[in-house]
Amino acid sequence: MDAEREFLDFAAALFGVDAAAVSLATAYGSIPEWDSVMQLRLVMEFEARYGVAVALEEVAEMTTLGKFFAKLGKGGT
Amino acid sequence: MKVAILSNVTTSVLAGMLRGEAEVWSPPGHGAWMETALSVPDDLVAFSPERIYILLDRRFAAVSADPAEAVAALARRFPGAAVIVPDLAAMAAEIGDGFYDERMWKLARMPWSLVGLREIAKSIAPLKKVLALDFDGVLWHGAAGEGEVETCVGFQREVAALARRGVVLAALSKNNIADVEAAFEKSGSTLSLEDFAAVRVDWQPKPENLVAVAEELNLGLDSFVFVDDSPAERAEMRARLPGVCVPPFPPRLDGYFPSAETATPEDAVRAAGYRAESERRRFAAGRSLDDYLESLEIHTDIHLVRADEAARVAQLSQRANQFNVCTNRYSESEAAAFVGEEGGFTATMSAGDRFGELGLVAFVRVRGGEIVDWVMSCRAMNRRLEFALEEFVEAEAKRRGIRRLVAAWRCTARNEPVRELFDRFGFTLVSENRDERRYERILG
């Protein structure tokens, strides 16, 4: 849970929303802060922070925070 | 600060990163930079930018027109604004391959990596206050103490002009101090060691020295531009202090600091003020705060805002982040309307001490019995000057028949130092949540 909470805090800070406002189920477009511009930034900030790569073809499929978290190999949805 | 960004590529991600440091206008879509410059849209006119950046990146895209034409058109249309065309190719060469991200280009016509975006963002905002300079190879050709040096006349003149506009100079050079003093004696030298508010001429790592200088001047690392001719020194600074702006060498210094058009008289005295601050700190060693403040012989001039102070009031509202309870940012024309404003008043405070004048360092705006702004320069902090201003504000409010003064502190990323300002004044806290603390004071 600690890793999940840490990841969600990272995403919330990036979106500029309260940590309680995001979960692994939060989806692209489900909150106004996560738009197409933020998607690019989220991919890049995520890669830089966790040292994992998101391939070009994958970017459009990364549609929930759970899918990002799953790439860390620590579970997720 | 209001920034407009025109570009031949997508800048929306960059604009998102700049929010919080600047208000950003960027056109929808991308690529229409020349069209925007030649036929300025109404919303850009209404936005009234203070700085206009034209970001032209040739890595994946072509630049089909001459930027000089766009610069000239924008300078005519916005005479008070600075128009800046950063040298992105030089920046990319400095950072290396990591500057770009081809995936992002394919996805969104946005060429830069996160590293590149951060590098560009910090060159745009916030505006910088301090120029930290290496000496050998920068202010003169050759190395001081190792044979003859030759003054870099043009660069020294440029730096001296910035200093006159209020840019604070700091020395970060690995030399012996006597050799440096001799080098400044050379013909053509327009700078001297006395022009530097902070001097670190020694053999310590430069990032450590820069941190010490930032503490000494009470300024954040994001206020600094670091210039060094050594790629290794630049790389070390960038790696260890990512907040510091490190331009490629030779640098183009025009884009980082407040432009000549927006400089105010306070800018001109600021560098002298920071130099005096170093003396004050040496003077303070071994004294109690009360003794120290008394011995400084502080004097203040507090009065209702005058028309000739509007530019400085606007500038203070734009720049002060720490001592700013509600963080409203005002343009000069908005601040000019505070003079003799109906239904309220604005008070300003200028201050000085035995070491020098600080200029106009604070203003308070009251509207309808509410303190809507309490803003003070970080140069005036920690001297209890705010109490003198508070006395004036209360007296003026009473004189105007105000029986109840209300006030608020609104949380930002930077204004924690004044979270309890109104508690210190003896106001009563009436409500509080994470983002806001509200107060009142009944005037007897």
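**Notes on the two-chain model**

1. Helices and strands here are DSSP runs, H or I over at least four residues for helices and E over at least two for strands, numbered from the N terminus. The bond leading from Phe249(B) into Pro250(B) is a cis peptide, with omega near -5 degrees. There is also a cis bond between Ala125(B) and Pro126(B), where omega is about -5 degrees. Pro126(B) belongs to the loop between helix 7 (114-124) and strand 5 of chain B.

2. Ground rules before going on. This is a predicted model, in which local features need pLDDT of at least 70, side-chain atom pairs count only at pLDDT 80 or more, and totals for chains, interfaces and linings use all residues. Residues are numbered from 1 along each chain as its sequence is written, while chains are lettered from A and ligands numbered from 1 in the order in which they are written.

3. On confidence, chain A has a mean pLDDT (the predictor's confidence in each residue, from 0 to 100) of 91, and 94% of its residues reach 70 or more. Within chain A, the element with the lowest mean is helix 3 (residues 56-59) at 93, and the one with the highest is helix 4 (residues 65-70) at 96.

4. Chain B in outline: 17 helices and 17 strands. Of its 444 residues, 42% are buried; that term takes 20 or more other C-beta atoms within 10 Å of the residue's own, against 12 or fewer for exposed and anything in between for partly exposed, with C-beta atoms placed from the backbone. Counting contacts (C-beta atoms, placed from the backbone, within 7 Å) with a separation of 6 or more, 67% in chain B link residues 24 or more positions apart.

5. The sheet I'd look at in chain B is an open one of four strands, in the order 9-8-5-10 with parallel pairing. Two strands pair if DSSP finds at least two bridges between them. Strand 9 (198-201) and strand 10 (224-227) of chain B are the edges, each pairing on one side only. On average, neighbouring strands are turned by 20 degrees against each other, direction ignored. Axes are lines fitted to C-alpha atoms, for helices over the stretch in contact, and angles run from 0 to 180 degrees between N-to-C directions.

6. Now the pairings. Strand 5 (residues 130-133) of chain B runs parallel to strand 10 of chain B, joined by four bridges, and Val130(B) has Phe224(B) as its bridge partner there. Strand 5 of chain B is also parallel to strand 8 of chain B, again with four bridges, and there Val130(B) stands opposite Val168(B). Strand 8 and strand 9 of chain B pair in the parallel sense over four bridges, with Ser173(B) opposite Val201(B).

7. How enclosed is strand 8 of chain B? Six of its six residues are buried, so strand 8 is largely enclosed by the rest of the structure. Both faces are covered, with Val168(B), Ala170(B) and Leu172(B) buried on one side and Leu169(B), Ala171(B) and Ser173(B) on the other. Helix 10 (residues 206-217) of chain B lies across strand 5, strand 8 (168-173), strand 9 and strand 10 of chain B, at about 160 degrees to strand 9.

8. Asn218(B) is not a glycine, yet has a positive phi of about 60 degrees; its place is the loop between helix 10 and strand 10 of chain B. Asn218(B) counts as partly exposed because it has 15 C-beta neighbours inside 10 Å. Thr327(B), also not a glycine, has a positive phi of about 55 degrees and is found in the loop between helix 14 (310-319) and helix 15 (332-336) of chain B. With 17 C-beta neighbours inside 10 Å, Thr327(B) counts as partly exposed.

9. Last, the contact between the chains: 11 residues come from chain B and nine from chain A. On the chain B side, helix 1 (12-18) and helix 6 (102-108) are the elements that give two or more residues, and helix 6 of chain B gives the most, with five. The chain B side divides into six nonpolar, three polar and two charged residues. Here Ala, Val, Leu, Ile, Met, Phe, Trp, Tyr, Cys and Pro count as nonpolar, Asp, Glu, Lys and Arg as charged, and the others, Gly among them, as polar.

Terms used:
Two residues are in contact if their C-beta atoms, placed from the backbone, lie within 7 Å.
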